[in-house]
Structure formats: structure tokens, C-alpha cells
Amino acid sequence: MVNDVSGLAWTRRDGVELRRFTQGSGPGIVLLPPHGRGPGDFDALAPLLAQAGLRVIRPEPRGFGRSTGPLDSTLADLAQDVAAAIEAEGGAPVVVAGVAYGNRVARMLAVLHPTLVRGLVLIAAGGRFPPSSEAAAKLRLVQDREAPLERREEAARAGLFGAGCALTLAEMRLDDIAPDALRAQPLDATRCGPLDFWWPGGTAPMLVIQGVQDVLAPPENGRSLQQDFPDRVTLLELPEAGHRMAQECPGLVAHAISSWLRSLQP
């Protein structure tokens, strides 16, 4: 469930029907959620961005909620879904912010549709430096809705959030995950395409926000992006944060985004 939105609309293209939720007014920012998850992940962050003078757009991925489309999609297909939502909003170019898997979609979008993207915000950016097998197993356990809830909570606290995270179990929203969305969001190179194709994120400026305690998207990924593209990448490392920063510390993330946007050319 998505809270505190002022608008609901649909994007329809080529057998795909996607909901998008909007709030606020001003320059557009699109928020893309983690693997298999939906726009409710941004219920804490979105109002803060709207209060900062942004029009917040949250597309619901295919396979999640009431959004539908073929589940044998590629990363490029998912980027096209977001492009269609941006075009339907009519306010391009926009800033695109992706969390975890969402930042892969954001970067593919910026490669395929550079004129739609004013800048990228990559939160918990991964891709080049993978998680350990132990961390990946924790994520699979969290995503397994058939597993005992107490085991899933334990895995989430160890694998998704920083050590000092004060979120309650309800606030973690572990069940806001859809098996069809997981199937529609590929991780393999065959459906994602080569890493070197989408890793650069086109030519847009980037803000990379990395949690130092993130065991799923290790901080080396953000450092590598800054090393690869020093003229385009602003790197911010949050010492106390884990993987799910938009939920864990939305105030810090919103402040970082707002401050960085002021540095961009109009």
C-alpha cells in the first residue's frame, strides 16, 4: 500500500499496464524500488522530497500490485516501462533515483533514453562487487514469504539494515514483495545485458549514496563508480546505514538529494 499520494495514473504500452503514484510539485524525481518490491518502500522518503519542492513520481513495477506485463522481461524492458511513465508525465528531463535493483533500471534508462534523464541518484548501488554468499542467502530468506517471520526478521536486521536501525518489524514491511515482480526483474547477464553497458549510466551526473554497513551492495561499488567517472559522480557514504536507506534513514537521504540537486544546472 502506498500512503500520502495526491495522484494515481496508468501507463499503458505494448501489453504492459503500470500504475504510477505522484505527489508534490516542481521538478520531477522518479523513485525506483529494490528487487521485487513496490512504491510503498518510499512512503517515508517521498513526502520529504515533495516538501523540498519536487514532484515525486513512483512507478509500480510490472508484476507488483495491479501493474501487469510479461514476466520474461529484460532490464531494457523495465527501463522502457519507466521511460513510458516519464513521457506520460510530460515533465522530462527528470532525476531518476533507484534503490538497489532500482539503480540498475535507472542506469539502463539513462543509457537508452539520455534525453529523459537530468541526473541519477543511486542508492545502494551494486553490480560490480557482489555480496558474499552469506549476505545473498539472508536476502533470499527475507524474500521467502513461506519462511517463519522471526527468521526473516533476523535475516533482515543482519542483511538489509544497519546495526543501529530502530525500525519495527511492521516498518520494515517485509511482506511488501511480489513473486511476479521478482520473476520480471532479471539478475542474469542474459536478460540484463553486459555490465559494462549499463554500469556507466549514460552521461548524466550521479549522486551515489552508499551505506558503509551495506553487505548486499558493498561500498566498493560506489567507490568504483567515483573512480571510473570522477567528473560525474558525487559519492556520499553513510557510516551507520545498511542496504535499505530509503526506509532506514529517509531524512538523511532526502537532505542529500536536495543538496545535490541544488548543485545541478537548471
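Visitor: In this predicted model, is Ala124 buried or exposed?
Guide: Ala124 has a relative accessible area of 0%. A residue counts as buried under 20%, so Ala124 is buried.

Visitor: Where is Ala124 found, and what is its phi?
Guide: Ala124 is in the loop between strand S6 (117–123) and H4. Its phi is positive, in a residue other than glycine, and the value is near 60°.

Visitor: Which loop holds Arg173, and what is its relative accessible area?
Guide: Arg173 is not a glycine, yet it has a positive phi of about 55°. The loop that holds Arg173 runs between H6 and H7. Arg173 falls under the 20% cut-off and is therefore buried, its relative accessible area being 19%.

Visitor: What is the distance in space between Thr168 and Arg13?
Guide: In sequence, Thr168 and Arg13 are 155 residues apart. From C-alpha to C-alpha, the separation in space is 39 Å.

Visitor: How are H2 and H3 oriented to each other?
Guide: Helix H2 (residues 75–89) packs with helix H3 (residues 101–112), their axes 8 Å apart. The angle between them is about 75°. Angles of 65 to 115 degrees count as roughly perpendicular, so H2 and H3 are roughly perpendicular.

Visitor: Which residues of H3 meet H2, and how many residues of the contact are nonpolar?
Guide: From H2, the contact includes Leu75, Leu78, Val82 and Ile86. By class, the contact has one polar residue, one charged residue and, as nonpolar, 12.

Visitor: Which residues lie nearest the centre of the largest cavity?
Guide: The largest cavity has a volume of about 160 Å³, and H2 and H3 each supply at least two residues of its lining. The lining has nine nonpolar, two polar and three charged residues. Of the 14 lining residues, those nearest the centre are Pro61, Leu78, Val82, Val105 and Gln185.

Visitor: Which helix gives the largest share of the lining of the second largest cavity?
Guide: The second largest cavity holds about 40 Å³ of space. Its lining residues include Pro34, Phe42, Arg244 and Met245, and they divide into five nonpolar, one polar and two charged. The largest share, three residues, comes from helix H11 (residues 245–248).

Visitor: Which element gives the most to the lining of the largest pocket?
Guide: The largest pocket contains about 610 Å³ of space. Its 30 lining residues include Arg104, Pro131, Leu139, Leu187 and Leu216, which lie nearest the centre. The elements that give two or more residues to this lining are H3, helix H4 (133–143), helix H8 (189–192) and helix H9 (195–198). With four residues, the element that gives the most is H4.

Visitor: How many residues of that pocket lining are charged?
Guide: The lining of the largest pocket has 18 nonpolar and seven polar residues. The charged residues of the lining number five.

Visitor: Which helices are included in what covers the buried residues of H4?
Guide: In H4, the buried residues are Ala135, Ala136, Leu141, Val142 and Gln143. What covers them includes helix H5 (149–159) and helix H7 (179–184).

Terms used. Residues are numbered from 1 along each chain as its sequence is written. This is a predicted model: local features need pLDDT of at least 70, side-chain atom pairs count only at pLDDT 80 or more; totals for chains, interfaces and linings use all residues. Side-chain values use heavy atoms; hydrogens and water are left out. Axes are lines fitted to C-alpha atoms, for helices over the stretch in contact, and angles run from 0 to 180 degrees between N-to-C directions. Angles under 35 degrees count as roughly parallel, over 145 as roughly antiparallel, 65 to 115 as roughly perpendicular and the rest as oblique. Contact means heavy atoms within 4.5 Å. Ala, Val, Leu, Ile, Met, Phe, Trp, Tyr, Cys and Pro count as nonpolar, Asp, Glu, Lys and Arg as charged, and the others, Gly among them, as polar. On a 1 Å grid over the protein atoms alone, a cavity is a set of points where a 1.4 Å probe fits but cannot get out, and a pocket is an open set with protein on both sides within 12 Å along at least five of seven lines; lining residues have an atom within 4 Å of a point. Grid points are joined across faces, edges and corners, and a volume is the space filled by probe spheres set on the points. Buried means under 20% relative accessible area, exposed over 50%, partly exposed in between (1.4 Å probe, protein chains only).
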